[in-house]
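User: Can you take me through this one? I'd like to start with the annotated site and then look at a pocket.

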Amino acid sequence: MSQPRVVREVVLLGSTGSIGTQAIDVIQRNPDEFRVVALLGGGSRVDLLAQQALDLGVEVVGVSAASAAQDLQLAFYAEASKRGYRKGEFVVPKILGGPEAALEIAAWPCDIVLNGITGSVGLAPTLAALAAGRTVALANKESLVVGGPLVLDAVGDNPDRLVPVDSEHSALAQCLRGGRRHEVRKLILTASGGPFRGKKRAELEAVTLDQALAHPTWAMGPVITINSATLMNKGLELIEAQLLFGIPYDDIDVVVHPQSLVHSMVEFYDGSTLAQVSPPDMCLPIALALGWPERVPKAQRPMDWTTAQTLNFFPLDTTAFPAVGLARETGKRGGTAPAVFNAANEEAVAAFIAGRLPFVRIVDVVAEVLSAHEVIAKPTLDEVFATEREARAAANRLIDRTASEVVSR
């Protein structure tokens, strides 16, 4: 007699962002596999969050900004009224607001928490979910980069409690199934090269925001898109890959692959290389993370092998794009260095978006802040956050100085 299908209960953090909305698409197409029980969204998109809460019938919904909680409540009832619902015809969720909302929702009873929050603010919810015994599907790479040792300690001796959502790390996890860990010779992360592939550093001096946001293959949020343009995103992914899979930094390479069809590769010591190939769509890694270790039927469209395909691979230009090399050095330093790397980059990217910093200075600012940092080898969570604050302040001093130099010219 066949066993009844078990529906996995899911908590979505960052439900109104790119990862969150795509996760909801995957879940709604697979109602026999998943059910959303809780949502955390951005305070700037309460209308969308209210729609999601009604569509999914969640138990609790929240926003990190306390001031947006009332707006969310009003938006929820306005949306219910617009749909013609009467009292008793829809689920009224618990509505939370403020910094503690993310922690409470992250620990909400469920099978898996998908953390799609952008930035290092996702670290505390990741730790809260793990402390509550949840499995975490991690799209918030900053959690590992900023608080790697803390997260790994919280995971304990069950690595399957932390499942990667990034397409590159999902690809590596899939390829690693093809051999035993001691047979692995090298991890190979692929990078699209972003909108400036093939450009020299001098050609990047006058890059505009619109040019940096014009990613050739992926549709992502502005911060991730800028990080892809500088290849800082690949640097963050390199640190994340080392922490997730325990492979030494010198055995993790980055190669440029413009088509974004091969999402990453694993080279084994016998000379064979396994690659994971699929169209550039986040639905597959999201679905795999939610269903891990099982695959979800029809998560996304497969490759069309009836048409001609061209796959190109190029070495990384480390002179024009020094972010990956800087990340490798940062990861080797360990301790609080990756937290500084991430915090300084977040401030530099925000300054570029605001028109306060030239594109080519983003990685320079990060390198300068790192060079002055004295690493704490085994930081507490409070020390991580204090280090971040110091790094952000140092980055903004450099940004202000750069802006003044530009004006004085």
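This is a predicted model: local features need pLDDT of at least 70, side-chain atom pairs count only at pLDDT 80 or more; totals for chains, interfaces and linings use all residues.

User: Which residues does UniProt list for "binding site"?

Analyst: D166, E168 and E237, from an unreviewed UniProt entry. They are spread over 72 residues of sequence but cluster in space, with a largest C-alpha distance of 8.4 Å.

User: Where is E168, and is it buried or exposed?

Analyst: E168 sits in helix 7, residues 167–176. Its relative accessible area is 10%, under the 20% cut-off, so E168 counts as buried.

User: What is E168 in contact with, neighbours within four places in sequence aside?

Analyst: L189, T190, K234, E237, H263 and S264. The E168 side chain also makes a polar contact with the side chain of S167, at 3.3 Å.

User: And E237, where is that?

Analyst: In helix 10, which covers residues 232–245. E237 is buried too, with a relative accessible area of 2%. Beyond neighbours within four places in sequence, E237 is in contact with K141, D166, E168, H169 and L189.

User: Which residues lie nearest its centre?

Analyst: P159, D160, L162, L244 and F245, out of 16 lining residues. Helix 6 (141–155), strand 7 (162–164), helix 7 and helix 10 each give two or more residues to that lining.

User: How many of the lining residues are nonpolar, polar and charged?

Analyst: Twelve are nonpolar, one is polar and three are charged.

Conventions
Residues are numbered from 1 along each chain as its sequence is written. Side-chain values use heavy atoms; hydrogens and water are left out. UniProt positions are given in the numbering used here, feature names are shortened, and annotations may be inferred rather than shown by experiment. Helices (H or I, at least four residues) and strands (E, at least two) are DSSP runs, numbered from the N terminus. Buried means under 20% relative accessible area, exposed over 50%, partly exposed in between (1.4 Å probe, protein chains only). Contact means heavy atoms within 4.5 Å. A polar contact is a pair of N or O atoms within 3.5 Å; within protein, one must be able to donate a hydrogen and the other to accept it, and residues adjacent in sequence count only if both atoms are side-chain atoms. On a 1 Å grid over the protein atoms alone, a cavity is a set of points where a 1.4 Å probe fits but cannot get out, and a pocket is an open set with protein on both sides within 12 Å along at least five of seven lines; lining residues have an atom within 4 Å of a point. Ala, Val, Leu, Ile, Met, Phe, Trp, Tyr, Cys and Pro count as nonpolar, Asp, Glu, Lys and Arg as charged, and the others, Gly among them, as polar.
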